[in-house]
Amino acid sequence: MKNMDPKNTLSIYGSHDASVVFYDKSNILRVLEYERFVQKRYAMYSEKFDRREKDLGTNQNSREEFIQYIKTQTTDIQNILYNELTTNDINYLKTQFPNASFKICGHHMSHAASGYFTSGYKSAVIFSVDGGGVDNGMVAHTKIFEAKDNNINLIDTPKINLGVAYGRIGCAISEINPSLDSNRDSLVYAGKVMGLCGYGSVRNEWVDAMKQYYNHLDLERLGNDIKVPLFFNSVKGKISKDLAATSQHVFEILLFDLIQPYITNYNNFIMVGGCALNVLFNQRLKKLVTSLNKNLYIPSNPNDCGLALGQFLLEHPNVNTNVYNGFGILDEKKLPEWIKERNAKKVTPSTIVKLLKKGNIIGIVEGGSEIGPRALGNRSIICDPSIPNMKDILNSKVKFREWFRPFAPVCRLEDKDLFFEDAYESEFMSYAPYVKDEYQSKLKTICHIDGTARLQTVTNQQHSTFYKILTELKNQKEIPVILNTSFNIKGKPILTTIKDALYCLDNTQMDYVIIKGWLFKRKSL
């Protein structure tokens with residue numbers, strides 16, 4: 001390729017969870033997820049998906065507006081790294097970046113790079129496990145790499161598709177509300193199956209058939225084998241819960257089988273791909289490697305939204321990345337107008353704690369958006385998890401999610417062992433430790449039915465706002481744990497504008513929004 005200065009490079013991934021990476025004019029490495037620009041979950045950039053996955057595709061105007069936005073943020077793009085683009089996509093990009101040369105990148109190698117080059121490890125074994133992606137013109141689902149001294153080499157390609165098998169189970173479960181892309185491989189299913197499985201029990205008589213299903217991927221055949229009809233929304237109640245639990249159990253067995261041969265010979269382990277979002281498995285793997293004095297790393301964006309970053313890091317491995325380098329607040333220039341119009345006031349941690357303890361639900365918008373699927377404090381909704389029934393209150397007033405889906409806690413890193421068992425540093429909500437017995441009733445809102453919680457730990461350096469709120473809670477002799485969930489309008493991705501934040505405030509029963517330290521209250525308050 002041409003001059004390989006990272007400042008002249010644009011990386012774009014075009015399939016679902018599309019994203020781009022580039023240096024902006026302020027020399028900040030931006031990682032922008034397309035869904036947050038078009039406000040359409042899992043959005044696909046490439047034009048080929050207009051036909052194949054209409055509910056995830058976007059129109060040409062949206063794609064062109066996105067590229068025009070990128071052009072306003074960059075200067076001289078000479079190299080474009082890509083995957084999952086059509087010839088028409090590339091031809092359009094050539095009209096917009098006429099001096100650029102193009103280079104295609106592999107799916108799993110990019111996953112591996114997104115983990116390795118952000119891990120800080122000099123050497124590691126990397127497991128890339130998902131529902132599949134294109135490498136050298138071929139679709140692959142699972143690959144294992146060895147990384148050392150900034151080089152990544154493929155060492156195995158197991159013939160198993162854990163990602164599709166796990167998510168497809170959700171197709172049959174009627175408790176799961178399907179999204180727009182409600183085909184048998186809907187992207188919403190996997191996370192919801194993980195939430196539901198805690199309510200079920202593993203049925204030992206189903207395990208062998210479930211293991212076979214993870215190889216043949218035929219849901220109807222699995223149904224015949226376990227004598228339960230399995231098709232769209234066909235099961236509910238105890239059967240659906242046990243189906244989810246048995247699937248999770250088998251998923252863990254099979255993934256441990258892949259990893260076990262490498263436990264002895266490696267000290268550092270990296271998980272990437274969509275399956276690395278399974279916090280229940282991650283917790284058990286983390287406990288194992290920690291007991292052996294070994295290390296595990298999972299990036300904030302291990303799923304496909306991290307592929308553009310992985311592509312970029314393959315060519316530029318030494319650049320610095322930051323989890324809060326997503327979209328800025330796109331209409332931030334209008335903030336003074338809204339402050340005046342709505343009589344917003346500056347707010348302190350002490351005031352925030354007082355509001356939380358009164359049962360208020362508060363949205364937070366700060367600086368750059370998080371990269372990855374989980375809100376980590378810059379686009380978050382928070383409340384006090386020690387208030388009884390807060391989960392139901394939050395669901396009925398703001399989130400409108402299925403009853404079985406858990407909410408995540410946040411605590412200071414130094415406090416994690418006070419409230420959680422086998423708790424590890426978890427900046428990106430990668431693990432699900434058990435809530436200690438004495439706090440399961442006190443923190444019922446963030447304690448899942450199985451006693452686990454998808455924990456986020458923070459330090460003052462990582463997220464000073466959260467840290468100061470938690471410190472103030474402790475100073476007031478309250479439990480220094482808050483609930484954190486993503487700030488989005490129902491069915492939409494994490495928001496990117498003040499306009500949407502205020503819309504959410506005024507059109508749900510959220511109580512307050514804090515935008516860059518300014519407190520806005522709901523109009524009806």
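Me: Is Ser369 buried or exposed, and where is it found?

Reply: Buried means under 20% relative accessible area, exposed over 50%, partly exposed in between (1.4 Å probe, protein chains only). Ser369 has 1% relative accessibility, so it counts as buried. You'll find Ser369 in the loop between β12 and β13; strands (E, at least two residues) and helices (H or I, at least four) are DSSP runs, numbered from the N terminus. Bear in mind this is a predicted model: local features need pLDDT of at least 70, side-chain atom pairs count only at pLDDT 80 or more, and totals for chains, interfaces and linings use all residues. Residues are numbered from 1 along each chain as its sequence is written, and side-chain values use heavy atoms, with hydrogens and water left out.

Me: Which residues is Ser369 in contact with, leaving aside its neighbours within four places in sequence?

Reply: Contact means heavy atoms within 4.5 Å. On that basis Ser369 touches Arg36, Val323, Tyr324, Asn325, Gly326, Phe327, Arg379 and Ile494. Take Phe327: 42 residues from Ser369 in sequence, yet 5.2 Å away C-alpha to C-alpha.

Me: How do I read helix α14?

Reply: An α-helix has 3.6 residues a turn, so residues three or four places apart point the same way. In α14 (residues 349-357), Ile352, Val353, Leu355 and Leu356 are buried. Down the axis, the buried residues fall within an arc of 160 degrees (directions from the helix axis to the C-beta atoms), so they line one face of α14. Their packing partners include β12 (362-365), β13 (379-383) and α18 (464-475). Just after α14, Gly359 takes a positive phi of about 90 degrees.
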